[in-house]
Amino acid sequence: MCVGMAAIFAASCSQEEPIRVFEVVVPETGPRDLMSESAPPATAAAAAGTIAASQDGSADATSQASRQIRWESPDGWQTRPLTQFINRGYYLLPGPPEARPELTISAYPGAAGGLDANINRWRGQLGLEPLDREALAAELETIEVSGMELVLCDFTGNAPDGAPSRTIGAVIEFPDETWFFKLTGNPDVLTVSHPTFDAFLRTLQLVGGGESATAAATTQPSAYGQDAAPPAPAIQPAIGEAPTVRYQVPQGWSESPPGGMRAASFQIDAGDDFEVDVSLVRLGGAGAGDAMNVNLWREQLGLATMSDEQASAALELLQIGRHEVRIFDQASDDPIIQGTRRARILAALFDHSGTTWVLRARGADEHVTAERERFLSFLESLELP
Amino acid sequence: MTGTTDQPPTTPLRRASSPLKLALSALSSLRLTVFLLGAAMVVVFLATIDQVHLGIHEVIDIYFRRFIAYYDLRKGGGFDESVGAILPPTPFFRIWLPGGYTLGALLLVNLIAAHVVRFKLSLRKSGIFLIHAGIVLLLLGELFTGLLARESQMTLDEGQTLNFSEDPLEAELAFVDVSNPGLERHIVIPESRLRPGAVIAHPDLPFRVEVVDFHANARLRTKEGPAGEGWLDVPANQDLGPRVQWFPMAPARTLDEVSLPAVVVRLRDGGRDFGSWLASRQIPVSQAFSTSDGRSWRLALRGRRSYKDFSITLNEFQHERYPGTNIPKDFSSFITLTSPEDRIGRDIRIWMNHPLRHEGYTFYQHQFANDDTTSILLVVNNPSWLIPYISCVVVFLGLGVQFGIGLFTHLGRRRKNSAAAAS
């Protein structure tokens with residue numbers, strides 16, 4: 001027994017640990033990821049088209065995205081369901097339970113409003129002043145990864161609720177599409193996450209056009225006011241071109257250039273840095289159904305979703321001009337606008353020539369309510385192609 | 001030991017005439033038994049109070065899995081403003097002690113020697129032999145467990161499938177040949193070999209690995225300014241290396257802390273220099289490069305992996321609390337175990353005190369995270385896991401036999417006395 005023990009000790013103590021060599025079979029479907037799953041995660045297969053966001057957040061079935069970028073998601077990054085605005089990837093990074101950094105990956109057709117505008121919008125979300133082109137250029141850094149040019153930014157400020165917040169972002173501008181990688185969180189936590197995010201960006205690989213790069217976006221909408229680059233889904237050109245409409249602009253409404261799926265776009269200055277956003281959008285075909293849009297808006301207001309019957313019953317039926325309109329007019333229970341005001345969405349759904357249109361106003365409760373009459377008069381003046 | 005040692009002989013031992021008999025006499029001494037048990041109590045006591053400074057794993061390693069242990073007397077410690085952290089006390093004097101292997105080995109030898117010298121195998125003493133045999137088995141079982149058992153963890157998000165587990169305490173530098181789309185070839189260098197200045201070559205690697213620097217624990221940050229205040233530029237010129245700084249730290253010593261090792265290696269292939277690369281457990285992302293033979297490689301520092309020929313999918317993690325409280329009642333992982341011969345898989349529930357045993361591995365419900373959407377299974381591979389159970393049965397049997405013998409002997413004597421008194 002003593003000899004045996006001595007042999008065991010000798011065998012275990014004397015040798016340097018060996019270098020191991022082994023082979024791992026990799027499933028042929030899906031991306032390889034050396035650091036996390038051995039098999040690709042089961043993703044919800046896309047049905048006929050993804051549910052992507054129209055610019056005003058209505059649900060609409062559209063066609064597939066045009067470009068595929070693959071990446072290696074680090075071990076410990078928790079995948080979250082995609083939303084209408086976060087349409088390519090959504091992760092929660094390791095961190096304190098109440099302050100886990102969030103990485104959103106989105107892609108939109110064209111310039112999606114432009115690099116400067118989007119970077120300044122991110123700055124605005126941190127309470128930082130916008131910068132002109134020259135000043136912005138000094139703040140940005142460009143790196144190349146797998147033949148793609150990534151524009152990096154890193155800003156620290158305060159979130160709308162006053163908590164310190166930091167945004168580290170990367171933007172990739174393609175001729176026909178723009179990708180946004182945005183990491184947000186507490187500055188101290190992001191100091192730890194930053195190197196991993198940096199390493200993650202270096203795993204980006206452009207695969208090519210064709211299939212959608214991610215799991216299908218769910219019908220779960222983004223929260224009201226959540227950031228997105230000016231969202232516009234990848235749509236076929238025939239649908240995507242802004243339709244020509246005629247209307248009378250009500251007093252106090254400032255028109256801005258339409259883009260993406262917006263046939264018309266307005267802002268109403270309500271004072272004290274509040275504004276009401278109004279958009280007119282043509283949805284494809286029958287859209288995703290009234291009930292889906294109602295629940296989408298309710299979720300944006302932080303309200304519970306309804307059954308299809310309840311959602312349909314929640315709509316007010318009106319005849320306005322030549323349109324038979326279904327009106328949605330609800331407010332949030334909690335003050336979700338800058339933490340001080342309740343939000344309200346006033347939306348009108350109507351059909352014209354076999355397609356569904358949505359006119360939607362959103363802003364602070366009292367401001368939207370004050371615009372209801374002008375909203376309805378605009379609707380009456382509307383002439384559609 | 002157990003209070004069942006034999007009575008000392010009534011006549012003194014004859015003076016031993018040979019060295020062997022002298023040695024046996026000393027090794028079988030009851031005084032030695034008492035001394036060793038006392039020393040074991042002291043070691044256990046010091047190990048227990050040293051857990052304040054050291055983690056459980058380090059305590060086990062320092063006090064019990066060595067021949068020579070030590071206890072450090074410490075002073076100082078407290079909040080240090082310059083680093084903004086609480087620093088541990090500093091050792092200033094070391095007391096050397098017999099380690100667990102020494103005490104266990106001597107107790108084993110003492111027990112066996114006592115049997116050789118004093119005990120004679122008989123039916124009357126069979127219980128004692130069984131008890132002692134069970135104790136010997138227990139000691140040996142602990143030895144085999146210390147030498148052979150391996151623990152690792154499998155961290156699964158809901159919906160995720162894994163076919164490997166990782167050791168959270170031990171790292172490995174992995175070079176993975178991903179040239180073949182369907183098959184990865186992993187060449188992994190254990191953390192113990194990553195010492196600054198080491199040069200590692202292997203037939204499966206088309207390059208030499210030169211360890212430029214290594215820290216058992218270091219924090220990384222993206223370079224925000226010149227090096228200073230403990231932050232050092234990383235001596236790596238590839239990929240992420242030039243963009244980060246590192247802060248070397250002492251290895252984690254408590255269960256709340258985690259050691260994140262980091263290494264910089266230079267890769268050379270004959271005349272070609274592939275540059276120097278940073279790999280860290282803080283950055284669980286692999287880095288890509290190609291070699292002159294056209295092969296594609298990924299490099300990463302990761303927990304020591306153990307791949308299995310079966311996979312586990314976490315379907316759901318449930319965390320039940322007592323109604324009206326936040327007190328945990330039950331943690332359960334609902335998994336699907338898929339093996340090559342069972343492509344559909346078996347649905348299994350793993351919950352507290354109900355592990356899954358499969359192919360020599362035992363999967364325990366260990367921890368959870370991420371708002372109850374991530375389950376962490378403790379994966380144990382211990383070939384000697386049955387030995388403690390067997391030894392307990394043997395000891396219990398021995399106790400039963402010995403006390404049974406004593407009982408019947410006593411009853412027999414009483415019957416005789418009663419009969420004698422009656423007559």
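The model is predicted.

**Chain A.** Of its 385 residues, 50% count as buried. The accessible surface of chain A is about 17100 Å², and carbon and sulfur atoms account for 50% of that area.

**Helix 9 of chain A.** Next, select residues 372-381 of chain A, which form helix 9. Display the side chains of F375(A), L376(A), F378(A), L379(A) and S381(A), the buried residues of this helix. Their cover includes strand 13 (253-256), strand 14 (262-271) and strand 16 (316-320) of chain A. Strand 17 (323-331), strand 18 (343-352) and strand 19 (355-364) of chain A are also included in that cover.

**The interface.** Now show both chains. Here 43 residues of chain A are in contact with 60 residues of chain B, and the area buried between the two chains is about 4700 Å², 57% of it from carbon and sulfur atoms. Five salt bridges are found across this interface. For one of the salt bridges, select R20(A) and E172(B), whose closest N and O atoms lie 2.6 Å apart. On the side of chain A that touches chain B, at least two residues each come from helix 1 (2-13), strand 1 (20-25), strand 8 (141-145) and helix 4 (187-201). Helix 4 of chain A supplies the largest share, eight residues.

**A patch on chain B.** Finally, select W385(B), L386(B), Y389(B) and I390(B), which make a nonpolar surface patch of about 400 Å². I390(B) belongs to helix 6 (residues 387-422) of chain B. Is I390(B) buried or partly exposed? I390(B) counts as partly exposed because its relative accessibility is 42%.

Conventions. Residues numbered from 1 in each chain as written. Chains lettered and ligands numbered in written order. Predicted model: local features only at pLDDT ≥ 70, side-chain atom pairs only at ≥ 80, totals over all residues. Heavy atoms only, no water. Buried < 20%, exposed > 50% of the residue type's maximum accessible area, 1.4 Å probe, protein only. Areas by Shrake-Rupley, 256 points an atom, 1.4 Å probe, with all protein chains shown as cover. Patch = residues over 30% accessible without salt bridge, like charges linked within 9 Å, V, L, I, M, F, W, Y side chains within 5 Å. Salt bridge = Lys/Arg side-chain N within 4 Å of Asp/Glu carboxyl O. Helix = DSSP H or I, 4+ residues; strand = E, 2+ residues; numbered from the N terminus. Contact = heavy atoms within 4.5 Å. Buried area = accessible area lost by both parts, 1.4 Å probe.
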